[in-house]
Structures are given as C-alpha cells and as structure tokens.
Number of protein chains: 2
Amino acid sequence: MENEKVYVFGHKNPDTDSICSSMLHELLSKKNGGECVEARRLGNINKETQYVLNYLGMESPKLLEKVEPGQKVVLVDHNEFNQSVEGIKDADIIEVVDHHRICNFETSVPIHYTARPYGCTSTIFYEILKITGAKVEKVEAILMLSAIISDTLLLKSPTTTEQDKIAVEELGKIADIDVNEYGLNMLKAGTNLDDFSEQELVNLDAKLVDKDGKKFVIAQINTVNIPDVLKRQQKLEEAINQEIQNKDLQLFVLAITDILNSNSQIIAIGEKANCVEQAFGKKLENNMIFLEGVVSRKKQLLPPIDKNV
Amino acid sequence: MENEKVYVFGHKNPDTDSICSSMLHELLSKKNGGECVEARRLGNINKETQYVLNYLGMESPKLLEKVEPGQKVVLVDHNEFNQSVEGIKDADIIEVVDHHRICNFETSVPIHYTARPYGCTSTIFYEILKITGAKVEKVEAILMLSAIISDTLLLKSPTTTEQDKIAVEELGKIADIDVNEYGLNMLKAGTNLDDFSEQELVNLDAKLVDKDGKKFVIAQINTVNIPDVLKRQQKLEEAINQEIQNKDLQLFVLAITDILNSNSQIIAIGEKANCVEQAFGKKLENNMIFLEGVVSRKKQLLPPIDKNV
C-alpha cells in the first residue's frame, strides 16, 4: 500500500555514501521482508556515484522532492533537518544511521538511532552485518566499498578510522575487485567538472550550517588538478555571491580539494570571511587560502570555521 | 590518570534504569579493558533502586554534581541536556545509549549514539550483548532485569515492547530468580513514601521540559494506594506551587500512579493547567483528573500534554 511506504535517503546534494547507503538499506530491508522500503535521492547523482551505478548496472533511486506529514522515513548519512528533505519536521522518522555529529535534530517519540564516529555510513552498516553474522552479497559489498572509498578518499582522509580500513579490506575480498584500481577510477570519474556550470559547481556538495541564525555554507569540489579549476575563479565567485544573496548567507566557503595530493585551495566570501582567516591563522589573498593536508570538511574545515563564526 | 576518567550516568532524579544501566556499563567496560569508566549518579538513590543494591550487596555509584569542560562522559537513559549534569554542554560526550526521544541534544563532533524505541535502556544493552554473543553474568542479568521491571512496571506499562519481554524472560533464567516475586518486592519497596517530605515527593522523579521557553514539569510517584498519597494533597500542592515559583514553570503535573492496578491520579497546577484538560478531554476537579490505564509518562502523559502546552 502506498501509505505504508518507507523512504530511505541521504542528504541533499547526495554524495556516493548517501546514495549507496540508501540503496543498501533498501536491499537489506527487502531481504528481511521489508518490501515497503524504497531508496530515494534528494538531488542529482554526481559523476562519481554514476560511475558506481554504471559499474553495477543499477538504476539510480528516484528523486524525492518533499515528504507529506506522517510519511515514514529513514535517514542515512545525515540527521540535521536543514540537510534533509522538505517537510522532514512533520515526517515520521523511524530510524537514523549516520556518522555525522548530531545537531538540529529532534523527534517527538523514541526512534532507532545508530551513530558511530567512523569515516562513512556504510562502515556502520558493514559492522552491523558482521556482528550479526549476515552473509554479504557481492553487490552489497560494492555499494559499501564505493561509499567508504568516496568518503575517505581511498582511506587517505583524516576522517578514516580503523573500522573503515577493516571494512575496505574485508569488503574488497567479498567484492573480489582490485580496490585501488576501482577506487582511483571511481574518484577520478567524479572530478570531471567540465559539464557543470559554476552555479552547479558551488552547489554540487554544499552543506548549509545554521548556527543560531547565522547561516554559512561549506561546499567542496574534488579534483586532480586545482589550477584547472581556478581558471574559473571569477565565475565561481559570481556564483558564490549569488548564493550568498539568495540564501542570506554570512559566509560561503568553497574547498577545491586535490584528492591525489591531499590539499585544498579554499575560496571564502561573505561578511564573515575573516572568520576563515582566524580559523586557519592565514590571510586571505585574492579571497583564497591554501590549506596543505586538508581534505575533510567534517574534520578539518567545519570545526575551526564553526568555532570562529 | 584522573583526567582519563570517563563518567557514565543516567538522568537527574535517577530511577532504577539510570542507576543500573550506568553500573552495567561500568562492569561491561571493565571486562573489555576500560578501567577508566566509572558509574556516577546525578541525585539520590530511590528506595526501589536501594532494594536492588541491597539485593546485590553492591555500593551505589558516587554522586556527580557537575563536570568540568572536556570531561569525557557517557550518557545512559537520557540525552536532553536539561535532564543531564551541570556542565554537560562543554563536556566531551563520547557515547549515548538511550530509549527516549532525541531532543535538546547536540554535539560538535560525531559520537557513538545507540537509541532504540524499547521500554528500557537495559533492554538495549541486553540486545547488544546477545547479538555479540557475549556471556552475561548473573549480577549483570539482575541489574538489567531490575531496570526493565522498573521501567515497564513488570511488563504492564504500555511502553513495554516485544524486546523487553524477551529480555525479561531470558535474563530471568540467567539470574535464576522468580521474576514476578522479585519484581513485586522491588516495585513495592519503591512505594514507601512515608520518609519523604512533600518537597522531596514532587522532585523524586520529575522531568523538566523546556519547549521553546515554555517550561513545564511532569513528575511521577509510584504507589500501591492512591488515597493514601492523597491524604497529603494540600501539602503536595504547596510544594508544587513552590516549584512553579522557583523554576518559573507554566505547568506542574504530578502523576500518582497505582502500579498494581495501572491507573494514575494526576494533580495539575499552573497557568497552563487547562492544557491538561485539553490533553485528556476531562475537567480538572479540585486540581485533579483521574486517568484510567495511564501509567507511562513517556508514552501516555508527555505526548498529549506537550502537544497542548
């Protein structure tokens, strides 16, 4: 029945973890008799995720634009309402599986909530499957593997935990693939930015943070060639200024991350741009700061910026 | 080292689940090499919990009055900051295990969070032990059993879930005790209210809810004889009015719950007392409404009152 459906989805601007963890949850639910569980997405599939779907020959989940009051939902890879679907406040959230901090989240009744401070949501799923002794199918292994490779940049990001490493090693065997080769191809597929307008680029993987009414965005683009992206700096800044105006932001930070060498060039614009200077102890030059060794928004960008805004 | 200590504790006005789950967490951590984990309590031990401690011949956890910034803590049986220890906002919360709704809670970094919509925190612990195949010791079984009996009123409260029933059955065998006999003795031990002043009674198990600045309290007293408690109505109301004044409350609800017959007499006082009338579709008479079949604050009192405040 339509009204019995349960939608499972990740955050807006979905990344590979958001899509793969949703699809995995649907697969696992169906194996356990949960026919009504359906993976959805809150935005366009990025090129990295498309690589995974092509590899598996699977369709992407359908777009979910909003939910009706009382709609049963499962959130993966996020919990903050402002990163979730329109209407989430009045939805019936029955479960959350996530690896982010808990913030801007509340429920009126007790629910299932499983958070672990790992590098990826899929690592949590794998740990649960392992503890319960469930058999992991090859397609499930590839979904989880892809999500973990994406979130940890092939285990090189500082967000990587021991649990992620164990999961990648064991899932690689189940999937029976060369993890390094598959992972590099997948990550590189995600860095082809030519087809995107500047407006699309600054929204590709953008997280909005609302801190007591002060709103700022930290967006991230992965690349294998920072100078190549910076050729578009002027137009990127125009797009950022447009976002600031449209969303009434006090700060917009765009991190252009070199996934091969693990550095980020950041562009910071807005009335609170000086917070970024304080956060990293460096002066903005031409609206930019270069951050060596910085690749993780969650671990290396958000905390110092959040502290100084 | 002192600064390496991790404190694990339940909510203010600790009940049997808050104390037993904290003690259990300490025992389990020590078995797994976590020598630094120490159970604490945020208030006086009630008589029901004292019965459990006497039965086991165990000392109660030490009182914890506040925590310093950065102190590592584990929260069990609660998550809302206003039900937690003084200083919680600046503590380093590393884990939460809880069966309540998630509200007034946030962290700046990802943490371990395990919530399940069961009748008791200890049921979650038991489920984890069972899934992981860990051996459950007799003392651990009695701690969990006591907590579940307390929270579910011997599986009679509507908060009782299938998981609680399974846990009680299996833990009863491990503990090798007559669950009904032990449970009734434990519950009855908690209903001897003679030693308490009226001020103590209205604070014995009181939960403060802050709803966008509107503050109200729902307190609960368990008894086997409601008329006996009502002999003290006038003085109870004086104590309630004092609480309203001291804490700037808009409503104070005291539920006097008959744990044998599963009914509650409630006393509602405050400028928003009419919300209680709307919540239950009954008129207050002499500040009281009798609610048949109502024993659970979480499931039967909080949601309708919260909705109407």
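**Domain and chain interfaces in the predicted model**

Domain 1 of chain A and domain 2 of chain A bury about 1500 Å² between them, and carbon and sulfur atoms account for 51% of this area. In domain 1 of chain A, the residues that lose the most area to domain 2 of chain A are N13(A), L153(A) and P158(A), which together make up 31% of what that side buries. The structure is a predicted model, and the values reported here are computed from it.

The two domains of chain A span residues 6-187 (domain 1) and residues 198-308 (domain 2). Taken over C-alpha atoms, the centres of domain 1 of chain A and domain 2 of chain A lie 25 Å apart. The contact involves 16 residues from domain 1 of chain A and 18 residues from domain 2 of chain A.

One salt bridge is found across the interface of domain 1 of chain A and domain 2 of chain A. Sorted by class, the side of domain 1 of chain A that touches domain 2 of chain A consists of five nonpolar, nine polar and two charged residues.

A further interface is formed by the two chains. Here, 22 residues of chain A are in contact with 22 residues of chain B. The size of an interface is often given as the accessible area lost when the parts come together. For chain A and chain B the buried area is about 1900 Å², with 59% given by carbon and sulfur atoms.

Strand β6 (residues 112-115) of chain A supplies four residues, the largest share of the side of chain A that touches chain B. By class, that side of chain A has eleven nonpolar, seven polar and four charged residues. β6(A) is joined by three bridges to strand β6 (residues 112-115) of chain B, and the two strands run antiparallel. Within this pairing, T114(A) has T114(B) in β6(B) as its bridge partner.

Conventions:
Residues are numbered from 1 along each chain as its sequence is written. Chains are lettered from A and ligands numbered from 1 in the order in which they are written. This is a predicted model: local features need pLDDT of at least 70, side-chain atom pairs count only at pLDDT 80 or more; totals for chains, interfaces and linings use all residues. Side-chain values use heavy atoms; hydrogens and water are left out. Contact means heavy atoms within 4.5 Å. Buried area is the accessible area (1.4 Å probe) that two parts lose on being put together, summed over both. Ala, Val, Leu, Ile, Met, Phe, Trp, Tyr, Cys and Pro count as nonpolar, Asp, Glu, Lys and Arg as charged, and the others, Gly among them, as polar. Two strands pair if DSSP finds at least two bridges between them. Domain bounds come from an automatic or database domain assignment. A salt bridge is a side-chain nitrogen of Lys or Arg within 4 Å of a carboxyl oxygen of Asp or Glu.
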